[in-house]
Amino acid sequence: MKSSLKKSAKHSLKLGKRLQQIEKMATSEEYGHIWDCCCDHGLLGCALLNRQVEATISDTSSDMPVNIVSNTARNKDSDIHFVDIVPELMAELENKLQRFYSSSLNTVIAKNWQTHCLDVAKLPLDQYDGKHLVIIAGIGGDLMIKFIEAINQQHKSLAIDFLLCPVHHQFSLRSKLIELDFSLIDEVLVEENQRFYEVLLVSSSSAAESRVNSKINPVGDKIWLSDPRTQLTIDSSGLSIKNSKEHSRKVSLSQAEIADKYLNKTLNHYQRMQKGLQQSNKQDNQQTKTNNVNVDVQHIIDAYRAVILPVLVN
Ligand SMILES: C[S@@+](CC[C@H](N)C(=O)[O-])C[C@H]1O[C@@H](n2cnc3c(N)ncnc32)[C@H](O)[C@@H]1O
C-alpha cells in the first residue's frame, strides 16, 4: 500500500511558480471543500491531492518526522473538486484521476476528489457541508468578476474564501471585491516567465465581520512590501524589511525588484491606455462633437502613482 501511495504522489508534473504559490496559499487554512475552477488539465487540484497522499504516507511511516510539512496535514481531508466547462477535458481528467487516485491505492483519497463539468457561475456549494475555498486562476479579471458575482449572489448565507489569480484586469477585480465588501486574508506578487501575477486570498465576509482580515486596497498593499515607514536594509545576514509596526523580516532582493518592475509595467500600461483614449476622444469630438465617449483611466494611474515602494538603505 505504501509504495503505491508514493507512486501516485510522484506522478505529478512540476508546478510553475504561479501555481506553486496558489497551492501554498490554498493550504494556509482548513477547508472542507476546495474547488479548482477553470481547472483545465487539473494540475493544481492534482498537486493538492498529492499533498494529501504525502500526509497519509507521513502518518503511516513510523520512521518519518510527524511534522514533515506543516501545511500538508492541514487539508488532508478536504474534498478537491475539479471544475471546467469543456467536456473533453473533464473526461480525460476523470480518467487520469481514476488511474492515479483509485480506491485500490487509498480509500480516503479515492473519496476526496470529484469532477464537475459545469460553468463556474453555477457551483453547487450548498450541496456540500463545510467551509469552501473557491480557486479561480488563469482567466481574465473581467470574467472572474462575473463568476464571483454569480456565486456570491447564489450563496449569500455562506462565508466563502476565494483564491484568485487573474491574468489581467486586476484593478477592476479588486474594485469589484471592495464593492462587494469582501476582505483580504493575504496577497502575494509572483513573477513567472517575465509575467507578473497577483494572487489574492479573500473572504466574502467583510473586514469588520472577520476581525482578522483587512480591507482590500484597489491597487494592492502587501504585494508592494510597502508602508510609508518601511525600509529595506542589506546587512551581513541578507536583506531585511523593517517598519515600525512589525519586527524586521527577511525578504529576497528579487521580491523587491519584482514589485518595482511590476509597478513600472502597470503604470506604463495605463499611461499608454490613457494616451490612446485621449487620442480617440479627440477624433470623436472632431467627427461627432460628443464629449468623453471613452472612460478615463487617470484615477487608476493616480492610484498606482501613490504606491510607495520600500527604500533600500545600504
Ligand atoms: C487557461 S485555463 C486555466 C488553467 C488553470 N486554472 C491555470 O491557472 O493554469 C482556462 C480554463 O478555463 C475554462 N473555462 C472558461 N470558461 C469557463 C466557465 N464558464 N466555467 C468553467 N470553466 C471555464 C477553460 O475551459 C479552460 O480550461
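**Reading the model**

Analyst: Seven of the 10 residues of helix H2 (residues 17–26) are buried, so this helix is largely enclosed by the rest of the structure. A residue is termed buried if 20 or more other C-beta atoms lie within 10 Å of its own, exposed if 12 or fewer, and partly exposed in between, with C-beta atoms placed from the backbone. Helices (H or I, at least four residues) and strands (E, at least two) are DSSP runs, numbered from the N terminus. The buried members of H2 are Arg-18, Leu-19, Gln-21, Ile-22, Glu-23, Met-25 and Ala-26.

User: What conventions apply to the numbering and to the model itself?

Analyst: Residues are numbered from 1 along each chain as its sequence is written. The model is predicted: local features need pLDDT of at least 70 and side-chain atom pairs count only at pLDDT 80 or more, while totals for chains, interfaces and linings use all residues.

User: What average pLDDT does the protein chain have?

Analyst: pLDDT is the predictor's confidence in each residue, from 0 to 100. The protein chain averages 84, and 76% of the residues score at least 70. Over residues 1–5 the pLDDT is below 50, and this stretch has eight contacts in the model beyond near neighbours in sequence. Residues 64–70 also stay under 50, with three contacts beyond four places in sequence. Two residues are in contact if their C-beta atoms, placed from the backbone, lie within 7 Å.

User: How many helices and strands does the protein chain have?

Analyst: The secondary structure comes to 11 helices and 11 strands. Buried residues make up 33% of the 314 residues in the chain. Among contacts between residues at least 6 apart in sequence, 74% join residues at least 24 apart.

User: Which residues of the largest nonpolar core touch the most other members?

Analyst: A nonpolar core is a set of buried Ala, Val, Leu, Ile, Met, Phe, Trp, Tyr and Cys residues joined through C-beta atoms within 7 Å. The largest one has 62 residues, of which Ile-22, Val-134, Ile-135, Ile-136, Leu-163, Leu-164 and Val-202 touch the most other members. Helix H3 (residues 43–60) gives the most to this core, with six residues. The core draws at least three residues from each of domain 1 (2–223) and domain 2 (225–314); these bounds come from an automatic or database domain assignment. As for Ile-135, its contacts, leaving aside neighbours within four places in sequence, are Ile-22, Ala-26, Ile-34, Trp-35, Asp-36, Cys-37, Leu-44 and Leu-163.

User: Which residues come nearest to the ligand?

Analyst: A residue is near a molecule if its C-beta atom, placed from the backbone, lies within 6 Å of it. Of the 13 residues around the ligand, Cys-38, Asp-40, Ile-85, Ala-137 and Gly-138 come nearest. The shell divides into nine nonpolar, one polar and three charged residues. Here Ala, Val, Leu, Ile, Met, Phe, Trp, Tyr, Cys and Pro count as nonpolar, Asp, Glu, Lys and Arg as charged, and the others, Gly among them, as polar.

User: Where is Asp-40 placed, and is Asp-40 exposed or partly exposed?

Analyst: Asp-40 lies in the loop between strand S1 (33–37) and H3. With 14 C-beta neighbours inside 10 Å, Asp-40 counts as partly exposed. Its phi is near 55°, a positive value in a residue other than glycine. Asn-193 has a positive phi near 50° and is placed in the loop between strand S6 (183–192) and strand S7 (195–203). Asn-193 counts as exposed because it has 7 C-beta neighbours inside 10 Å.

User: Which residues of helix H8 are buried, and what covers them?

Analyst: An α-helix has 3.6 residues a turn, so residues three or four places apart point the same way. In H8 (residues 170–179), the buried residues include Gln-170, Phe-171, Leu-173, Arg-174, Lys-176 and Leu-177. Their cover includes helix H7 (141–154), strand S5 (160–165), S7 and helix H11 (298–305). Just after H8, Asp-181 takes a positive phi of about 65°.
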